Amino acid sequence: MLKKSVLTSKSAKSFIAKAVASALTAVLLTGCSGASSSSNENEIAIGVISPTSGSEAYYGTDMVQSYQLAVDEINAAGGVLGKTLKLYPEDDGCDANMATNAASKIIASGADFVVGGYCSGATVAAMPLFHDENLLMLISAANSTEITALGFEQSFMFNSPGTHAALTLTDLCLSLGTTKAALIHQGDSYTKNLSDICEEALPKSGIEIATIQVMEKGAPDVSAIVTAVRNSGADFVYWCGYHADGSNVIKQLRQGGYEGDIAVGDGSASVELITACGSAGEGVYVTSPPFVEFAQGGDKFVEDYKAKFEVNPGNYATLCYDTMYVLKNAIEQANSTETDKVRDVIANIEYQGLSGLIKFTPERELEVSNFIVLQIEKGEFKLVEL
Amino acid sequence: MFSAWELILQQLVNGLILGSFYALVALGYSMVYGIIKLLNFAHGDIYMTGAFICLSVYGAVSGVLPGWTGIAVSVLAAMAVSGLLGFLAQKFAYRPLLSAPRLSLLITAIGVSLVISNTVMVITKSQPLFFTSGLDNSLGIKFGSITVTYIQIIMLAVSAILMISLTLFINRTMMGKAMRAIALDQDTCALVGINVNKIIGLTFVLGSALAAIAGGMACVYYGNVQYNMGYMIGIKAFTAAVIGGIGSVPGAMLGGILLGLLEALGTQFLGSSWKDVFAFGLLILILILRPNGLLGRSEIERM
């Protein structure tokens, strides 16, 4: 979503910022050499980099809390290798400049590992700093392919990249017997990209792309698009945009006499979609991130999370929680906190977490899509088994 | 699937409905421009305020007055609030600048637009709001594969009635005559005893109330209200007013409907990503051939 758009606008600035920050870090580190390792022998220090201020603060805070929940559980059960885990959260503000500062602070605090990463732009800016220090970075939410494109061996991406949404969508279409699909996006980088990926993926499974339409953001009337979609003979419509305009599209598709299946992407994966669509929303499918409510064992997680933080867990809570457990298991298996040893274990790990199966490709991306399919049924999301 | 003529007919229906929206908003632009030569860029935000008030009032009264009665009350409330807002903007922001250069007035209008939209942004915390009336919007009439819903018919009828009444008001009443006179020459009007300020105020109230009706209709029909929803429709309505001949009331209607039809046909035959290129390309052509718009008169510069 927003994660992708930040990248392009900030990349030029971030390059300079990176250079400056690297220089600063170098000064800092030489200034206090020797003191940079973990201050406490009985503690494993884990830096957390996520946006806890600014427009994405809700998600960044949710991430820190999800890690904290896992850390508290692990420590209560005796810690790892006789040591306790401790988090050192830093705010990247979803901004490349702030992210390099946050990374420098994490490095200076002597972190043994790094977790986090929400906005792809900020994450990509911070990664080279951790790379230079040979720190293992486990990225829980950010999912741009630019992250893996950096080719850093000690970074792993725990969230499915956009290409996985198309795989899950293909599975859904095949199970529904779709022959012709219509794609509707909004012309911006995130929704257009999702549409492009689907345009490429669906025909590989024999599903024809009937038409691709663009809806202006905030345009009130889409009846002309609805007519074009009906005329194309599509029996499946995939909405690649966000829920506010999505509800409008869904309602007008139904008002305009479209009777086929409708699905929406993760930008619309919000309970607000249900209220906004009203009766027109019944039967609509969602290719959604792994919401904890639908995970096996998710009930206990939601209960514990609410008891601790007095709010509901967010969209990426399960991914963060799983990230921490993967790290714990890997340290135990490696019997060491050395970056290279832990990295080799994670590269071959198979962990069934709340968010799905965590197993990495040689590019350190998830092998299996963690997207789930939901359907609106009587005003509620229901999990669809494909 | 449609047959070829059904397809064109359905797109014409779609375009007509979209166009009547544009026309309602364009009327306000055109009236205000006709009378004080101001491009009131805040007009789209008045439309948005109308939708916002309609949604809020319906939320409050729907318990007592469900369905169409509640909607009618909400739209009336939206007209009142938006009319007042238009009046206040005119009184405090525009009137003191009436004798200033036109550019200052234009910048003020942009300022008023930002003030209104940002206020609503703060109130709604940038979140879209959703309107749920419990009415079934999909009920309608089918001719072959062409669908026209009742709510579309109602909207079209309301727009038509409003446009006809406005035309009658301007052409057949003393107030309307005064408005036309002010458009020609403000100073002379003052000399013959017309209360110029009052008539200008009335024009703003009328234009804003029309925009509020369009906003209320958008709220009921499309169901979501956002602080920035006035921006795009403001631009489109402004375009419609210019195409029709800015300052001309029938021109605004014609321009709005023409723009709606062009967009619908552009979507069908060139694809939705090209519809604006198609519609605006044709509009540029119209302006080259008729620089004053379809129904506009060439202006005589007064010295």
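Predicted model: local features only at pLDDT ≥ 70, side-chain atom pairs only at ≥ 80, totals over all residues.
**Entry 1: two helices of chain B**

Sorted by class, the residues of the contact of H3(B) with H4(B) are five nonpolar, one polar and no charged.

**Entry 2: H3(B) again, with another partner**

I stayed with H3(B) and turned to H8(B), where I found that the two axes come within 7 Å and cross at roughly 140°. H3(B) and H8(B) are therefore oblique to each other, and H3(B) passes H8(B) in a right-handed crossing. For the contact of H3(B) with H8(B) I wrote down 14 nonpolar residues, 10 polar residues and one charged residue.

**Entry 3: where chain B touches chain A**

I then asked myself how many residues each chain gives to the contact between them. The contact takes 32 residues from chain B and 27 residues from chain A. On the side of chain B that touches chain A, the elements giving two or more residues are helix H1 (4-36), strand E3 (146-149), helix H8 (196-222), helix H9 (229-244) and helix H10 (249-270) of chain B. The largest share of that side comes from H1(B), which gives eight residues. When I divided the residues of the side of chain B that touches chain A by class, I had 14 nonpolar, 17 polar and one charged.

**Entry 4: the open sheet of chain A**

In chain A I looked for strands and traced an open sheet of seven of them, in the order E7-E6-E8-E9-E10-E13-E14, with mixed pairing. Which strands stand at the edges? They are strand E7 (208-214) and E14 of chain A, each of which pairs on one side only. I also noted that neighbouring strands of this sheet are turned by 25° against each other on average, with direction ignored.

I followed the pairing strand by strand over part of the sheet. Strand E9 (residues 261-264) of chain A and E10(A) pair in the parallel sense over two bridges, and the bridge partner of Val264(A) in E10(A) is Val286(A). Strand E10 (residues 285-288) of chain A and E13(A), by contrast, pair in the antiparallel sense over four bridges, and here Thr287(A) has Val373(A) in E13(A) as its bridge partner.

At the end of the sheet order I reached strand E13 (residues 372-377) of chain A and strand E14 (residues 380-384) of chain A, which run antiparallel and are joined by five bridges. Leu374(A) stands opposite Leu383(A) in E14(A). E13(A) and E14(A) form a hairpin with two residues between them, and in the turn I noticed that Lys378(A) has a positive phi of about 50°.

**Entry 5: helices beside the sheet**

Helix H8 (residues 223-232) of chain A lies across E6, E7 and E8 of chain A, and its course runs at about 170° to E7(A).

I moved on to helix H12 (residues 317-334) of chain A and helix H13 (residues 339-347) of chain A, whose axes come within 8 Å and cross at roughly 115°. I noted the crossing of H12(A) and H13(A) as right-handed. H12(A) makes the contact with Val326(A), Ala330(A), Ile331(A), Gln333(A) and Ala334(A), and H13(A) makes it with Lys341(A), Val342(A), Val345(A) and Ile346(A). By class, the contact of H12(A) with H13(A) has seven nonpolar residues, one polar residue and one charged residue.

**Entry 6: confidence scores**

Last, I looked up the scores, and the model has ipTM 0.80 and pTM 0.77. Chain B averages a pLDDT of 89, and 97% of its residues score at least 70.

Terms used. Residues numbered from 1 in each chain as written. Chains lettered and ligands numbered in written order. Contact = placed C-beta atoms within 7 Å. Nonpolar A, V, L, I, M, F, W, Y, C, P; charged D, E, K, R; others polar. Pairing = 2+ DSSP bridges. Axes fitted to C-alpha atoms, helices over the stretch in contact; angles between N-to-C directions. pLDDT = per-residue confidence, 0-100. Parallel < 35°, antiparallel > 145°, perpendicular 65-115°, else oblique. Left-handed = near helix turned anticlockwise from the far one by under 90°.
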